[in-house]
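Good morning, and thank you for coming. Please have a look at the sequence and the structure before I take you through them.

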Amino acid sequence: MNFNFQHLLRNFELRELKNEADLMDHLALRRKIYRKEYSGAYTDNKYDLLSSDWKANLIGIFFKNRQIATIRVVKRQVNATIQQQLTNINQKLDLQIGPDTADLLPTEYAFDIHSGRLDYKSATVELSRVAVSDEFRGLGLCRFAMLAAIGISILDNAKYCLYSCSINSVKFHDDLLPMMKGVVAEQIDNGYPGFKFPTSSAAILSDIGNMSQTHTNQAILAGIVCRYGIDVLGDHFSEKITRIAHPSHDHPAHEQMAPAI
């Protein structure tokens with residue numbers, strides 16, 4: 001099925017997860033999907049709460065008020081917006097998991113990333129693999145979630161994305177987040193605490209500024225809707241989506257600024 005950004009934006013709700021109920025649903029969905037996909041490589045804990053969740057923006061895609069897909073955008077510092085909710089969940093479920101305060105992204109625990117002279121660490125966020133409910137696969141929700149995550153990252157002034165995915169999935173996203181030239185990611189033995197990266201994992205470091213204009217516009221639009229709600233687009237938003245998400249001339253973002261909304 002062809003990716004239809006306008007259809008997804010009209011028919012599915014995007015939002016940052018901030019209340020405790022949404023965060024619990026996020027953990028349950030993530031655990032269900034990851035446990036099946038990673039099989040024996042998955043380090044199970046009952047509710048899949050990870051120390052790095054305290055450093056994440058958590059994004060959900062909803063259909064009829066049900067969370068059907070989710071993605072994490074992990075930073076290097078604790079996210080104060082959800083810190084208390086995660087602490088409450090941790091205590092209620094007696095998980096005894098604390099926030100990760102190290103200046104590392106989860107993938108950096110499991111990969112040595114050689115970037116030459118590029119100092120990428122100060123402006124990098126990490127995108128996790130997307131968890132999508134089985135019955136909603138094939139609709140493009142994985143890319144939709146990634147665009148929202150990238151859009152949130154752009155709004156937060158990130159310059160680079162470190163993307164954790166399977167080796168087989170790289171080809172599906174290399175047009176959206178291409179691996180930067182001269183960058184090498186070598187997997188090492190240790191994994192993130194509470195989560196063992198499968199040997200079939202890949203780490204992609206991508207420059208947001210090298211995204212195409214179409215992808216940049218879609219990401220910014222999805223990010224704005226995710227953070228502020230669809231109503232921020234006002235009346236006649238369908239026409240705005242068409243105009244903004246599909247510019248007539250497609251150039252990398254560093255050559256042409258995204259038009260104002």
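First, the basis of what follows. This is a predicted model, in which local features need pLDDT of at least 70 and side-chain atom pairs count only at pLDDT 80 or more, while totals for chains, interfaces and linings use all residues. Residues are numbered from 1 along each chain as its sequence is written, and side-chain values use heavy atoms, with hydrogens and water left out.

The protein chain contains 8 helices and 9 strands; helices (H or I, at least four residues) and strands (E, at least two) are DSSP runs, numbered from the N terminus. Of its 261 residues, 51% count as buried. Here, buried means under 20% relative accessible area, exposed over 50%, and partly exposed in between, with a 1.4 Å probe and protein chains only. Among contacts (heavy atoms within 4.5 Å) with a separation of 6 or more, 80% come from residues 24 or more positions apart. The chain exposes about 12400 Å², and carbon and sulfur atoms supply 50% of that area; the areas come from the Shrake-Rupley method with a 1.4 Å probe.

Let me turn to the largest pocket. A pocket is an open set of points on a 1 Å grid over the protein atoms alone, where a 1.4 Å probe fits, with protein on both sides within 12 Å along at least five of seven lines; lining residues have an atom within 4 Å of a point. The space in the largest pocket is about 580 Å³, a volume being the space filled by probe spheres set on the points. By type, the lining divides into 12 nonpolar, 7 polar and 4 charged residues.

Next, the salt bridges. Side chains of opposite charge can pair when their charged atoms come close. The structure holds 13 salt bridges, each a side-chain nitrogen of Lys or Arg within 4 Å of a carboxyl oxygen of Asp or Glu. In one of them, Asp53 pairs with Arg72, and the closest N and O atoms are 2.7 Å apart. Asp53 sits in the loop between helix 2 and strand 2 (56-63) and Arg72 in strand 3 (residues 66-74), so this pair ties together parts 19 residues apart in sequence. Both Asp53 and Arg72 are buried.

Another salt bridge joins Asp100 and Lys55, at 3.3 Å from N to O. Asp100 belongs to the loop between helix 3 (80-92) and helix 4 (106-110), and Lys55 to the loop between helix 2 and strand 2, so the parts tied together are 45 residues apart in sequence. Asp100 is buried at 9% relative accessibility, and Lys55 is buried at 1%.

Arg137 is partly exposed at 41%, as is Asp134 at 38%.

Finally, the backbone. Most residues other than glycine have a negative phi. Lys64, in the loop between strand 2 and strand 3, has a positive phi of about 50° and is exposed at 70%. Asp94, in the loop between helix 3 and helix 4, has a positive phi near 55° and is exposed at 56%.

Terms used
Ala, Val, Leu, Ile, Met, Phe, Trp, Tyr, Cys and Pro count as nonpolar, Asp, Glu, Lys and Arg as charged, and the others, Gly among them, as polar.
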